[in-house]
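Keep the picture open while you read.

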Amino acid sequence: MTVEILTPDIMIEELMFYIHQEEMGGECLDPDNRFFPLYLELQKLLDKLNNDDKPYVSVKNDESN
């Protein structure tokens, strides 16, 4: 038996998939669904996890002309 260790981003995606398929009917996202706020927060968290690997470059007061 092989045990697969899931990373946080995969777990979030799996939960989002479950919510979309089982709680929202697998169709379009319904803002009136009781799980919609959770789905949005999971999406924000997933975006944050995915963007943390990318360097952030500030251009405010940039002096390299």
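## The outside and the overall build

The protein chain exposes about 5,900 Å², and carbon and sulfur atoms supply 54% of that. Accessible areas here come from the Shrake-Rupley method with a 1.4 Å probe, and for residues only the protein chains shown count as cover. What you're looking at is a predicted model, where local features need pLDDT of at least 70, side-chain atom pairs count only at pLDDT 80 or more, and totals for chains, interfaces and linings use all residues. Residues are numbered from 1 along each chain as its sequence is written, and side-chain values use heavy atoms, with hydrogens and water left out.

The protein chain has 2 helices and 0 strands; these are DSSP runs (helices: H or I, at least four residues; strands: E, at least two), numbered from the N terminus. Of its 65 residues, 15% count as buried. Buried means under 20% relative accessible area, exposed means over 50%, and partly exposed is in between (1.4 Å probe, protein chains only).

## The core

Which residues make up the largest nonpolar core? There are 8 of them: I12, M16, I19, M24, F36, Y39, L42 and L46. The elements giving two or more residues to this core are α1 (8-23) and α2 (36-51), and α2 gives the most, with 4 residues. A nonpolar core is a set of buried Ala, Val, Leu, Ile, Met, Phe, Trp, Tyr and Cys residues joined through side-chain atoms within 4.5 Å. In soluble globular proteins, nonpolar side chains tend to be buried together.

Now zoom in on I19. Not counting residues up to four places away in sequence, I19 touches M24, F35, L38, Y39 and L42 (contact means heavy atoms within 4.5 Å).

H20 sits in helix α1 and counts as buried because its relative accessibility is 17%. Leaving out residues up to four places away in sequence, H20 touches G25, G26, E27, L29 and Y39.

Is N33 buried or exposed? N33 counts as buried, because its relative accessibility is 15%. A polar atom of the N33 side chain lies 2.7 Å from the backbone nitrogen of F35, and N33 also touches E23 and M24, with residues up to four places away in sequence not counted.

D30 is partly exposed, with a relative accessible area of 35%. A polar atom of the D30 side chain lies 3.0 Å from the backbone nitrogen of D32. Setting aside neighbours within four places in sequence, D30 is in contact with M24 and F36. The C-alpha atoms of D30 and H20 are separated by 9.5 Å, and these two residues are 10 apart along the chain.

## A salt bridge

How many salt bridges does the structure hold? The count is 1: the side chains of E41 and K44 meet at 3.2 Å, N to O. A salt bridge is a side-chain nitrogen of Lys or Arg within 4 Å of a carboxyl oxygen of Asp or Glu.

E41 and K44 are 3 residues apart in helix α2, so about one helical turn separates them. E41 counts as partly exposed at 46% relative accessibility, while K44 counts as exposed at 52%.

Key: A polar contact is a pair of N or O atoms within 3.5 Å; within protein, one must be able to donate a hydrogen and the other to accept it, and residues adjacent in sequence count only if both atoms are side-chain atoms.
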